[in-house]
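Hi,

Here is the structure I promised to send over.

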Amino acid sequence: MSNSPRAPLNVLWLQSGGCGGCSMSLLCADTADFHGHLKAAGIELLWHPSLSLESGQELLDLLARIESDTLRLDVLCLEGAVLRGPAGSGKFHIMAGTGVPMMDWIARLALKARHVMAVGSCAAWGGVTAGGGNPTEACGLQYEDEHQGGLLGADFRSPSGLPVINIAGCPTHPNWVLDSLMALAGESFGPDDLDTLGRPRFYADQLVHHGCTRNEYYEFKASAEKPSDLGCMMENMGCKGTQVHADCNIRLWNGEGSCTRGGYACIACTEPGFQEPGHPFHQTPKLAGIPIGLPTDMPKAWFVALASLSKHATPRRVKLNATADHLLVPPMAKKTRLK
C-alpha cells in the first residue's frame, strides 16, 4: 500500500455577473489563516480574482495550461451569474485580455474540471442578477430559477458523474463552501449528498426555522407587528424560515448570528426565484387572513386549526413580549422541583 500523500484539490475560482458578496463572506471563515486552512485541508487555490497575486498574462498562462491538460483542474468554482446577453452573444461580459465572452470560458473550463461548483444563488439559479426583467440574460450554471438548463444544460455531468454542485445562498455561508471543498478533497462527496436541486444536503436538509430563537413565539403564533419586535416574523413580516432550506440558525454566521437573530425576516435566499417574490420582502402575503406561504409539509387546514388553538393558549408572557423590543415579562421562577 502506498503512503504517498494525496494530490491537492486544485480549485479555480472565477467571478461573473454578481456583487462579490460570496467572496466577502468566504473571508469570514472561522480561521485565523485562510490560506493555511485550505492547505491543511488539501486544497490548492490556483486562482481567485481577489485573493491571488497573479493577474493579466499570468492568469491567461494558467488557463492555457488547464486547457492543454498540463495542469489538472479538480474544481471550477463560479461566483455570480452567467451573462449571456446581448442576444445570446455573451458580449456583456468579456474576459479581459482575451476578447472571448466569459460564458465561453466557463463552458470550456467546465469540460476540464472534475467537479463544477456554483457559489451563491446567482451562479446556481441566476439570482438577483437575473431579476427585474433580466436585461443581461443572466442564468445559473445549470438552472434558470427552478428550471433546469442554464449555461451547461440539464444533462450536464462533470467527469466525477455529479451535476453542478449548487452552494446556494445570497451570500453563501463560508462553511458551506469550505465544507463542500473539503468533502471533495477527501473524496467523500457523492450523488446522494445532493438534494433534488443539487444543493449539499449537509445544510439543505435543514430549515432556517430549525434553531430559530423565535420558535416559542412561532409555536404560540405570537407575532411581531413591526421591526424590532421579538415575536415570530412569519405572520406579518415576510419571514419564510419555515420553508427555506438552510442551517443558518444552527451554523451561525461568524459564530454569532443569523438574519432572524438580527431582527430580519428570512427572504429565502437559498431558493430559486427568491429575488422576485411578487411582494415586498418585509410583508407576508395573505389570503383570507392566512399566510400564503405555509410551513413545509403542513396542509393549510391543519395550520388554520393549530394556529387558532395556539393563539388561544398563548401565555401572557409570550403575548406581551412578542410585540416589544425587549423582554417585558421574564419566565416565572418555580419554587417546586421541576417535574
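The largest cavity holds about 130 Å³ of space, and 15 residues line it. Nearest its centre are His 209, Cys 212, Cys 232, Cys 239 and Thr 242. By cavity I mean a set of points on a 1 Å grid over the protein atoms alone where a 1.4 Å probe fits but cannot get out, with lining residues having an atom within 4 Å of a point. The volume is the space filled by probe spheres set on the points, which are joined across faces, edges and corners.

Please keep in mind that this is a predicted model: local features need pLDDT of at least 70, side-chain atom pairs count only at pLDDT 80 or more, and totals for chains, interfaces and linings use all residues. Residues are numbered from 1 along each chain as its sequence is written, and side-chain values use heavy atoms, leaving out hydrogens and water.

Now to helix H9 (residues 300–313); helices are DSSP runs of H or I with at least four residues, strands runs of E with at least two, numbered from the N terminus. Its buried residues are Phe 303, Ala 307 and Ser 310, where buried means under 20% relative accessible area and exposed over 50% (1.4 Å probe, protein chains only). Seen down the axis of H9, they fall within an arc of 70° (taken from the directions from the axis to the C-beta atoms), so they line one face of the helix. They pack against helix H8 (215–219) and strand S13 (290–291), with contact meaning heavy atoms within 4.5 Å. The face turned away carries the exposed Ala 301, Trp 302, Leu 309 and His 312.

Best wishes

Notes. The expected span of a helix is 1.5 Å times one less than its number of residues. On a 1 Å grid over the protein atoms alone, a cavity is a set of points where a 1.4 Å probe fits but cannot get out, and a pocket is an open set with protein on both sides within 12 Å along at least five of seven lines; lining residues have an atom within 4 Å of a point.
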